[in-house]
Amino acid sequence: MINIEDAYSYFYNERLFGEAWLEADNMKQEQSLKMATNQITRLKFSMYIDDLKEDAIKKAICEQALYLIQTLNNQRSKLIEQGVTSFSVEGLSESYDSSKARKVCTEAMEYLKPYLLGCVAIC
């Protein structure tokens, strides 16, 4: 669906602040693209097709790959995944609702909205 050259092109030419992906080692770049592809392709897409669908999916995969590199291994995302509902450190307190934890990032979802089942506006 997407290759490493497509991703480099996206991050160099279209994406502002994509340095985390560009600076990751080749193995992490490849792994993030594969994992992002798996996460995106598990979504329920409509049969609607237009000339922009494939490009939107590629961009969504790139956004998801960046999101994975930036967040997947940080402490906050681990706590959310584990269902922690309260966390406190030196006067700072946070609560998490694991049912609202995102598997696919907001930016990727924006590219995909026109093509997902249940995401069509009704007038």
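This is a predicted model: local features need pLDDT of at least 70, side-chain atom pairs count only at pLDDT 80 or more; totals for chains, interfaces and linings use all residues.

Student: How many aromatic pairs does the count come to?
Tutor: The count comes to 4 aromatic pairs. Rings of Phe, Tyr and Trp (its six-membered ring) pair if their centres lie within 6.5 Å; planes under 30 degrees apart are stacked, over 60 edge-to-face, the rest tilted. One of them is Tyr8 with Trp21: centres 5.2 Å apart, planes at 70°, so edge-to-face.

Student: Where do those two sit in the chain?
Tutor: Tyr8 is in helix α1 (residues 4-13) and Trp21 in helix α2 (residues 19-23), 13 residues apart. Helices are DSSP runs (H or I, at least four residues), numbered from the N terminus.

Student: Is Trp21 buried or exposed?
Tutor: Buried, at 0% relative accessibility. The cut-offs are under 20% for buried, over 50% for exposed and partly exposed in between, with a 1.4 Å probe and protein chains only. Tyr8 is partly exposed at 24%.

Student: And how are the rings of Phe11 and Trp21 arranged?
Tutor: Their centres are 4.8 Å apart and their planes at 20°, so that pair is stacked. Phe11 is in helix α1, 10 residues from Trp21. Phe11 is buried at 2%.

Student: New topic. What does Lys59 touch?
Tutor: Tyr10, Glu14 and Tyr111, leaving aside neighbours within four places in sequence. Contact means heavy atoms within 4.5 Å. Lys59 counts as buried, at 16%.

Technical notes. Residues are numbered from 1 along each chain as its sequence is written. Side-chain values use heavy atoms; hydrogens and water are left out.
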